[in-house]
Amino acid sequence: MEYDFSRLGFSRGDVCVVTGAASGIGNATASLAARSGLAVACWDMDEERLDAVVRAIKDAGGDAASILCDVSREQDVKVAWDATARIGSPRFLVNNAGPASSAGYGFTEGLALGAGSMVAVTEGWLVGFSEVAEAVTFTASIAGNLVATASGSAWYAAAKAAIAAYAREIAVHRRGKPRANVVAPGITVTPRTARLAESEAGQMTINRIPVGRFGEPRDVAAAICFLLSPAAAYINGVTVPVDGGLSCVA
Ligand SMILES: NC(=O)c1ccc[n+]([C@@H]2O[C@H](COP(=O)([O-])OP(=O)(O)OC[C@H]3O[C@@H](n4cnc5c(N)ncnc54)[C@H](O)[C@@H]3O)[C@@H](O)[C@H]2O)c1
């Protein structure tokens, strides 16, 4: 079922950046943001899949542009903000791109890639567009913020906890200009978790999830777009689990 997201209060044509827009949660968020009336600057480092996502949004009547960017590279981020500015003033930011917990990074490197990249993207926005910045939503995880997943990726949990703390700092320090909130997805079916979803271990996990299924990217996208929107004008500095209740289970 498709929900009507056209009445969240966004002004039609306002620009929203979505990082990691070529796949999974970022793809679903970019599509939903376009359906909510935003012009979406879709950032990703996977050119082919990014172009396909942007084409699909446009075919559905939405407004979107591809911006090729590796968010872990300072120069790329700078160039991407310049390219975004040529589309319009980016009032909204979805800071979503991040490495998978299965990537075998050491602690310091993983923290820099997982949290440092999101900080660098945000700082570029706050410095370049502080006058127009309305709201940012970060994609963290229940891992690190709410539960220990025993994944063996301490860097991933630490990066997600760090990003939630960073969002709270912005929320308070900048007094709501922009508002900053966080979504903490549970296991969400995207290319990086597809094998788990089909495995026996995956089925056992599903049995523990109160709503009885893994999340879909659109479940997380809905929370992101709501938190970003004027409808959430009094929500600032929160971390919202989007996990079917998994983090409530002892
Ligand atoms: N899928 C889950 O179960 C889950 C759970 C909790 C949190 N998350 C978080 O959600 C976010 C999105 O994950 P997903 O599952 O949708 O992943 P995904 O692999 O489906 O998509 C990630 C996208 O980000 C892009 N990307 C990765 N690194 C990048 C970089 N350095 N620069 C630019 N683009 C980059 C990839 O090319 C890809 O298009 C991540 O931050 C992840 O940690 C996912």
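Which handedness does the crossing of α4 and α6 have, left-handed or right-handed? Let's find out with the structure open.

**Before you start.** This is a predicted model, in which local features need pLDDT of at least 70 and side-chain atom pairs count only at pLDDT 80 or more, while totals for chains, interfaces and linings use all residues. Residues are numbered from 1 along each chain as its sequence is written, and side-chain values use heavy atoms, with hydrogens and water left out. Helices (H or I, at least four residues) and strands (E, at least two) are DSSP runs, numbered from the N terminus.

**Stop 1: α4 and α6.** Select residues 107-129 for helix α4 and residues 154-173 for helix α6. Their axes come within 7 Å and cross at roughly 25°. (Axes are lines fitted to C-alpha atoms, for helices over the stretch in contact, and angles run from 0 to 180 degrees between N-to-C directions.) That makes α4 roughly parallel to α6; angles under 35 degrees count as roughly parallel, over 145 as roughly antiparallel, 65 to 115 as roughly perpendicular and the rest as oblique. And the opening question? The crossing of α4 and α6 is right-handed, meaning that the near helix is turned clockwise from the far one by less than a right angle.

Now show side chains. On the α4 side, look for residues including F107, L111, M118 and L126; partners in α6 include W155, I163, Y166 and I170. Contact here means heavy atoms within 4.5 Å. By class, this contact has 14 nonpolar, three polar and two charged residues. (Ala, Val, Leu, Ile, Met, Phe, Trp, Tyr, Cys and Pro count as nonpolar, Asp, Glu, Lys and Arg as charged, and the others, Gly among them, as polar.)

**Stop 2: α3 and α4.** Pick out V77, W81 and A85 in α3, which meet A120, V121, G124, W125 and F129 in α4. The contact of α3 with α4 has seven nonpolar, one polar and no charged residues.

**Stop 3: α1 and α9.** Next select helix α1 (residues 24-35) and helix α9 (residues 217-228), whose axes come within 8 Å and cross at roughly 55°. That makes α1 oblique to α9. Here too, α1 passes α9 in a right-handed crossing.

- S23: a side-chain N or O atom is 2.7 Å from an oxygen atom of the ligand.
- D70: a polar side-chain atom lies 2.9 Å from a nitrogen atom of the ligand.
- T188: a backbone N or O atom lies 2.8 Å from an oxygen atom of the ligand.

**Stop 4: a loop to finish.** Select the loop between α6 and β6 (179-185), where P178 sits. The peptide bond from K177 to P178 is cis, with omega near 10°. R175 is found in the loop between α6 and β6 too, and has a positive phi, near 55°. Most residues other than glycine have a negative phi, and most peptide bonds are trans.

How values were computed. A polar contact is a pair of N or O atoms within 3.5 Å; within protein, one must be able to donate a hydrogen and the other to accept it, and residues adjacent in sequence count only if both atoms are side-chain atoms.
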